[in-house]
Amino acid sequence: MSSGGLELPPGDSSHEGGPADAPGGGPGGAPTGIAAGAVSLAGGPAEAGSAGGPGSAGAELDWSAEAWGEVRTRAQRAGRAYIWLNLIEQRLRSVVGAVLRPIYEPVHGGDDWVVAAAGPAGQEWVQRAVAVREVSRRKGYLLDSADDNVLSFLTLPQLRELMVQHWPCFEPYFDDRREIELALDELEVTRNVVSRNRALSRPVLEQAERASARLLEVLGASAGSPSADRLPIDAVEDLVGDRYADVISVHPDRVRLQRQLPAEDLFGGARRLDAIGIGLNLLVQNFSGRRLVRLTEAGCRVRLLFLNPASSAVKRRERELGLRKGELSRSVEMNILHVRRVRAGLRDPSRFEIHVFDETPRFTAYLVEGNSSGIAVVQSYLRRARGMESPVLVLRGGGRGVPKDADHGLFTTYREEFESMWEDSRPVS
């Protein structure tokens, strides 16, 4: 059985699997039953039928729907992890080459500088890399001449070993050796699992993604902090993000959204903030008035569009949610009074506009744009669910790194809808 719980058909006693009298098994060490949660890739004789009956000769090779689902899940997780590992390996290879090549190449020349840098301790694995390179040359596996060097055939652990052996050479460029080694330790677990095609659990995958993002930032390949760019574009989104227009994440409710994207990371550093909804609780209740004042004074343009608390649409929404008469309208009024006080404390109140609309509310949206990137949080209103309980879409929009089809993405759609609603709304004095 593999670590992912997948059962493989037993071989004969001369192959791996043990002798016929192995404990808990039949001939060839075959298990008599399947462990709970395991996915059987091929059934044994006991599953195929009784002795002498139909199907008793030969293995059952078909996979059930559960087995196919398990295999797809494994492949998806392994593929996502592989993208991160590949990115880290290429970045580390570039760093090692940039630091050590000028030191060793002038003396040893060519690819011998890698052998010299490895030294006696790394002689075995560097010679193995040289041999693999020669085989790849003969068989035509080198498709890019830029990869025709020994450094390209070193694995992640070997690149790490070169970095550790020559840390004094790297120390001027990186502050914390321990942080780099801890991140690489975390990645080694994922690398071991992916390289052997074993099951990768979600917590281990998430740990690997966090370690990869941290390591890329330490190695100087990060574009900035999350608070500066909201949600940084990760390696997977960069490759396949355009398959989903500009949708970068989906959450079943707002609570789970705020675990990944707190209000400070969403609104902090914004240069333009447009919001539309019934009461705009995500902004008003999770982002302090003082913080809103500082944000606006720093140059952010704010436009807030509330549902008119005196409109008939508020009364209908109260009935839908089973609220007492006037409960929702008072809540919206309180939010509007709060942002009015914020506006009153500004040196330039014209940069902070508050409007109300009287139409049936169809969605709530927060469109946030910074100097180089934009992000939107969008929720549709459900008849029996509060905004806190409704599904959430997070959209990428504006600036660099936006998917190729962004002009036809959802960010643009909600931007246009907001502008249309804003033109038909009325200002709050």
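1. Basis. The model is predicted; local features need pLDDT of at least 70, side-chain atom pairs count only at pLDDT 80 or more, and totals for chains, interfaces and linings use all residues. Residues are numbered from 1 along each chain as its sequence is written, and side-chain values use heavy atoms, with hydrogens and water left out.

2. Confidence. Mean pLDDT (the predictor's confidence in each residue, from 0 to 100) is 80 for the chain. Of its residues, 78% reach 70 or more. Residues 1-52 fall below 50. That stretch still has 72 contacts (heavy atoms within 4.5 Å) beyond near neighbours in sequence. Residues 399-406 are also below 50, with 16 such contacts in the model. Where pLDDT is low, the predicted coordinates should not be read in detail.

3. Helices α2 and α8. Helices here are DSSP runs of H or I, at least four residues, and strands are runs of E, at least two, numbered from the N terminus. Axes are lines fitted to C-alpha atoms, for helices over the stretch in contact, and angles run from 0 to 180 degrees between N-to-C directions. Helix α2 spans residues 65-108 and helix α8 residues 202-218. Their axes come within 10 Å and cross at roughly 20°. The two are therefore roughly parallel (angles under 35 degrees; over 145 is roughly antiparallel, 65 to 115 roughly perpendicular, the rest oblique). The crossing is left-handed (the near helix is turned anticlockwise from the far one by less than a right angle).

4. The α2 contact with α8. From α2 come R77, R80, A81, W84, L87, I88 and R91. They meet R202, L205, E209, S212, A213, L215 and L216 of α8. By class, the contact has eight nonpolar residues (Ala, Val, Leu, Ile, Met, Phe, Trp, Tyr, Cys and Pro), one polar and five charged (Asp, Glu, Lys and Arg; the others, Gly among them, are polar).

5. Helices α5 and α7. Helix α5 (residues 156-165) packs on helix α7 (residues 177-195) at about 165°, axes 11 Å apart. They are therefore roughly antiparallel. This crossing is left-handed. L156, P157, R160, M163 and V164 of α5 make the contact with R177, I180, E181, L184, D185, E188 and R191 of α7. Six of these residues are nonpolar, none polar and six charged.

6. Aromatic pairs. The structure holds five (Phe, Tyr or Trp rings, six-membered for Trp, with centres within 6.5 Å; planes under 30 degrees apart are stacked, over 60 edge-to-face, the rest tilted). F267 and Y366 have ring centres 6.0 Å apart and planes at 65°, so this pair is edge-to-face. F267 lies in helix α12 (residues 263-267) and Y366 in strand β7 (residues 363-369), so the pair ties together parts 99 residues apart in sequence.
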